[in-house]
Amino acid sequence: MVRPGLFTDGDPPALLGSRCTACGTFHFPRHDTCPYCAAEGPEAVELPSRGTLWAWTAVTAPPPGYEGATPYGMGVVELPHGIRVITRLTVSDPGALVFGQSMELCVVPLHTDDEGNDVITFAFAPSGAP
Amino acid sequence: MSGVVISGVGMHPFGRFDGVSTTDMGVAAVRAALAEAGVSKGGFQAAFCATAYGGVATGHKVLSRLGMTGMPIVDVEAGCASGGAALMLAAGAIRAGQYDTVLVFGTEKMPKGIIRSSFFEPWQEEAGLAATPAFFGLRAQRLALTSGVTKEHLAQVVVKNRRHGVANLDAMYQKEVTADQVLASRVVCEPLHLFMLCSPNEGAAAVVLRRDDVSSTAAGTPVRLAAAVLRSHLPGAVLSESTPLSGLTDDTVPAPTTLAARAAFEEAGLGPEDLHVVECQDTDAARELLSYEEIGLCAPGGSGALLESGATTLGGRLPVNPSGGLLSKGEPLGASALGQAVELVRQLRGECGPRQVEGATTALAHTVGRGANAGVVILTR
């Protein structure tokens with residue numbers, strides 16, 4: 001896992017977020033202080049795993065510090081509860097995606113680390129994709 | 001309250017200069033600005049040095065080379081708006097009566113390629129989520145959705161700025177490109193092609209700020225610093241330059257550029273309709289169009305039409321980036337906002353030759369980037 005505490009890799013997986021008990025906003029990643037109103041102790045929640053596509057592109061050359069494959073998709077998915085998240089997308093052809101289409105969370109391999117372990121991260125895929 | 005004038009400017013060209021250090025470039029720009037202002041050793045009481053990648057005590061290294069130390073020297077980092085932040089601090093100190101003359105300079109030597117920033121956590125880089133051009137591409141796509149901006153518009157921004165840059169000897173690229181060439185360059189992150197992105201590079205720029213009642217007019221037409229404002233982001237905008245991992249489904253959060261522009265117009269007692277020339281952040285072609293909307297040069301959604309009208313081309317009603325912009329000059333982060341100030345001072349003095357905006361008396365400079373930080377500077381004569 002690229003960083004513990006970001007997501008669960010169960011079936012289905014879930015993004016680990018938080019919800020402020022004072023102002024009601026949802027956050028990702030999980031925070032111990034609300035990044036909108038500074039209230040302490042937001043409630044730990046799992047974010048909904050389905051949402052809609054709000055913006056997307058593809059990265060065609062490896063950015064600094066990245067050892068995975070290119071091209072890869074990157075975008076913004078809008079989830080219920082008024083939150084938008086920055087995420088990888090499983091689709092790396094921007095022409096194959098449309099605004100507002102249904103997306104669902106999945107877990108994807110990034111690369112193999114020095115000890116031979118697969119490093120995984122979260123991504124969104126078009127709903128119903130194999 | 002005392003006014004602030006810019007009594008001297010200096011530049012080290014922007015580009016790639018192997019064997020020339022960050023310090024060397026800073027020294028060149030500082031010497032030129034001090035000479036133009038007629039200010040020598042002991043003639044300024046503070047110095048602010050804008051740099052993001054220069055390292056510890058960059059400003060001290062430059063001024064040590066000149067034996068001009070002893071006064072406070074403060075490095076200022078505010079991402080792409082570092083120079084705007086330094087101008088704000090210097091102007092504020094002069095207005096408050098703390099100093100009468102302050103040296104402000106920026107110097108930078110960026111690594112080649114995609115900017116690597118300690119801003120991102122290692123896991124974000126590892127997951128591929130620290131891809132700076134992808135954020136530019138996502139913002140460009142949103143602008144296409146909300147304002148009807150097309151790839152042709154994006155190409156025309158590049159054509160315009162590169163044409164402007166031909167006459168700028170301090171620019172990295174001094175050669176025109178066609179829209180076909182722009183669109184034939186490889187796609188970096190849809191909808192942005194390689195020629196639509198500026199090159200992080202190297203360079204330095206310096207200005208001497210003085211309280212208006214101590215400044216001599218030896219350097220010609222005095223240029224007044226009417227406003228120098230820095231603002232950061234408000235939380236909630238997922239594609240803000242603060243590059244959060246999440247945001248709210250609220251499209252009414254004002255951009256940092258909008259916050260800075262509003263405050264700068266208020267400070268100067270001017271509005272967008274009063275401007276004659278603008279230098280704005282064109283890190284990528286879409287960023288220039290977004291800047292039109294966020295600064296208020298047009299109504300929201302009107303940036304493509306403003307570009308198409310020719311208003312922002314040299315010879316138009318409100319030329320934007322007559323220097324060629326970052327698309328021609330490249331972007332040395334700490335120096336870029338001060339490079340804009342140098343350009344606009346020269347424009348207001350009527351010294352710009354083939355790229356002169358005739359009769360310009362009111363100018364605005366804008367930078368925005370990591371942090372988020374947005375800087376807006378207004379100059380008048």
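## Two paired strands in chain B

Strand S1 (residues 4–15) and strand S8 (residues 223–232) of chain B run antiparallel and share 2 bridges. In S8(B), B:Val223 is the bridge partner of B:Ile6. Here, strands count as paired if DSSP finds at least two bridges between them, and helices (H or I, at least four residues) and strands (E, at least two) are DSSP runs numbered from the N terminus.

A word on the ground rules: this is a predicted model, in which local features need pLDDT of at least 70 and side-chain atom pairs count only at pLDDT 80 or more, while totals for chains, interfaces and linings use all residues. Residues are numbered from 1 along each chain as its sequence is written, chains are lettered from A and ligands numbered from 1 in the order in which they are written, and side-chain values use heavy atoms, leaving out hydrogens and water.

## The sheet and its helices

S1 and S8 belong to an open, mixed sheet of 9 strands in chain B, ordered S3-S2-S4-S7-S1-S8-S12-S11-S10. Strand S3 (73–76) and strand S10 (277–279) of chain B are the edges; each has a single partner strand, so one side of each is left without a neighbour in the sheet. On average, neighbouring strands of this sheet are turned by 20° against each other, direction ignored.

Helix H3 (residues 82–95) of chain B packs on the sheet, and its direction makes about 120° with that of S8(B). Helix H12 (residues 333–349) of chain B also packs on the sheet, at about 120° to the direction of S1(B). Axes are lines fitted to C-alpha atoms, for helices over the stretch in contact, and angles run from 0 to 180 degrees between N-to-C directions.

## Two residues in one loop

B:Ser242 lies in the loop between S8 and strand S9 (246–248) of chain B. Its relative accessibility is 9%, so B:Ser242 counts as buried (buried means under 20% relative accessible area, exposed over 50%, partly exposed in between, with a 1.4 Å probe and protein chains only). Leaving out residues up to four places away in sequence, B:Ser242 touches B:Phe119, B:His233, B:Gly371 and B:Ala372; contact means heavy atoms within 4.5 Å.

B:Leu234 is found in the loop between S8 and S9 of chain B too. With a relative accessible area of 37%, B:Leu234 is partly exposed. Beyond its neighbours within four places in sequence, B:Leu234 is in contact with B:Val253, B:Pro254 and B:Leu259.

## Where the chains meet

How many residues of chain B are in contact with chain A? There are 33, and they meet 41 residues of chain A. The two chains bury about 3200 Å² between them, 64% of it on carbon and sulfur atoms; buried area is the accessible area (1.4 Å probe) that two parts lose on being put together, summed over both. B:Trp123, B:Glu126 and B:Thr249 supply 19% of the area that chain B buries against chain A, more than any other three residues.

Strand pairing crosses between the chains as well: S7(A) and S9(B) run antiparallel, joined by 3 bridges, and A:Ile83 stands opposite B:Leu248. In strand S7 (residues 83–89) of chain A, 7 of the 7 residues are buried, so the strand is largely enclosed by the rest of the structure. Within chain A, 7 bridges join S7(A) to the antiparallel strand S6 (residues 72–79).
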